[in-house]
Amino acid sequence: MNQFFDFFSRLLDTSDWPPRWHCGKWTEFHGWLYIISDLLVWSAYFAIPFIIIRFISRRHDAQFIRLYFLFAAFILACGATHFFDAVTFWFPVYRINALVRAITGIISWVTVFYLIKVLPIANSLRTAHELEEEVEQRKKAESKFRNFLERVPDSIIVVNDDGLIQLVNAKTVTMFGYDREEMIGHHIERLLPERYGSLHPFRRFKTYPGPQSTEVAEGFELFAMRKDGQEFPVELTLSPMETEEGPMLTASIRDVSEKKQLEKVIRDTNITLERKVKQRTEELERKNKELEQFAYVASHDMQEPLRTTASFVDLLRKQYKGKLDENADKYLDYIVQSSDRMKILIRDLLDYSRLGREKEKRQVDCNSIIEQVKADLNRVIRESQAEIRSGKLPLLDGFPTELKLLFQNLVSNSIKFRRPGIPPTVAINASRCNGAWQFSVTDNGIGIESQYQEKIFVIFQRLHNRTDYEGSGIGLAHCKKIVELHGGQIWVESIPGEGSTFHFTISEIQ
């Protein structure tokens, strides 16, 4: 410890050693070669740190700044040792020389440790070749982006935070009529009517608070203005982006002039259609009223003279039957039969005109309806020994009276058109199909030829002689009208001599 304090207390003392010229046998050439070499090394080591510091001061983006300073201090300290080696030829300042060497050693190892610390980071840095490749890739990407931008069918405009146009594509030039130089660097207001003032979406978009300012805003509809002052409707989509030059706003502008014209045509067409629909509805209402009037006439004015005629014919037959010749009795029978058929036709026609007159729909249990139909047809079922089977049927929203008539007509037809000597069987089932219930009524009757399978649904159409099968020929027309009232369709599949299956659908959404 005494030596430590003695060393620093005699730091500038040179009395313990002679100058280096007097130590050993130095020749003039050897000595000056040593001195000049040390001074050259010292001067170079002294200049290098200043060059490094000057480089750092001009490169604000330089990395590893501490390493530069440590390296400069290390070189400066190494140069100082060479300087003092030259000085000792005249002034033996060996203590100062030893202290400088110690400082040089400390700085050297600090530099070593720092190098070890930053070496992994330095190794991860891209090489000059990699940087060149990245620059090349960026150039290619920029070229692709510009090519894409030029081919986009919409106008693309990039605006900075001050509302100045920075970039436009070719579509913008053709859409607005300005050259690029007339738009770039100018305010976006140049492309908008003056009446918008500062309320246009470009201004409003960047004032939105919170995260909305970083999201895409779509659906702006406004008017833009061409160079010649003509206004035209556009749809605008705004999207913010961060760039090295600060926040930018990208605008995609689409000319919707043709779309607006088409919308106007559609609106005008809809108005025309609505007017025609209204006229047709009024016409249909008038026809319905006429039909109601006809129904009234059919139920009163037509049936009254028919009943009178039938009554007098019946009186004639009772009073004069057998008193006239055989032809007279036959003619009276023909008149009675014709009157009865006319009553049935008028009744069925009246029922047909009244279908759907019940305006309110209710929930209908089809299982209950089948039971009611079987009860109403009980006598016919017993006489024909018919078997009526039904699966699980659904609940429907519909007209109860009409649905009952639908099932009753189909079941009674299946029984009526049975094969001789074979008891009729009728199977009723239902299943869901494409948003509707599809029903099937299958029998083992006489069947229907394919050429008549559509004709049977036309009113008053008959396929058989009245003497073979009674009826007015209006039952299946009833069925078709009822099904259509419920938004469905009806058709038949049949094999003559084996039976028929009547299918119909009832829509769940009516």
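1. In this predicted model, arginine 379 and glutamate 383 are joined by a salt bridge whose closest N and O atoms are 3.0 Å apart. The two residues are four apart in helix α13 (residues 378-384), so about one helical turn separates them. Glutamate 383 counts as exposed, because its relative accessibility is 57% and the cut-off for that class is over 50%.

2. Salt bridges with shared partners also connect Glu221, Lys260 and Glu263 into one network, and the count of salt bridges comes to 16.

3. Arginine 226 and aspartate 255 meet through their side chains in a salt bridge of 3.3 Å, N to O. This pair links distant parts of the chain, 29 residues apart, with arginine 226 in the loop between β3 (217-225) and β4 (231-243) and aspartate 255 in strand β5 (residues 246-255). Aspartate 255 is partly exposed, at 32% relative accessibility.

4. A salt bridge between glutamate 235 and lysine 259 has its closest N and O atoms 2.7 Å apart. Glutamate 235 belongs to strand β4 and lysine 259 to helix α9 (residues 257-299), so the pair ties together parts 24 residues apart in sequence. Glutamate 235 is partly exposed, with a relative accessible area of 22%, and lysine 259 is likewise partly exposed, at 38%.

5. Turning to helix packing, α14 (residues 400-416) and α15 (residues 475-485) pack at an angle of about 145° with their axes 9 Å apart, and their crossing is left-handed. The contact includes Leu406 and Leu410 of α14 and Ile482 and Val483 of α15; by class it has nine nonpolar, four polar and one charged residues. Among the buried residues of α14 are Leu403, Leu406, Asn409 and Leu410.

Key
Residues are numbered from 1 along each chain as its sequence is written. This is a predicted model: local features need pLDDT of at least 70, side-chain atom pairs count only at pLDDT 80 or more; totals for chains, interfaces and linings use all residues. Side-chain values use heavy atoms; hydrogens and water are left out. Axes are lines fitted to C-alpha atoms, for helices over the stretch in contact, and angles run from 0 to 180 degrees between N-to-C directions. A crossing is left-handed if the near helix is turned anticlockwise from the far one by less than a right angle, and right-handed if clockwise. Contact means heavy atoms within 4.5 Å. Ala, Val, Leu, Ile, Met, Phe, Trp, Tyr, Cys and Pro count as nonpolar, Asp, Glu, Lys and Arg as charged, and the others, Gly among them, as polar. Buried means under 20% relative accessible area, exposed over 50%, partly exposed in between (1.4 Å probe, protein chains only). A salt bridge is a side-chain nitrogen of Lys or Arg within 4 Å of a carboxyl oxygen of Asp or Glu.
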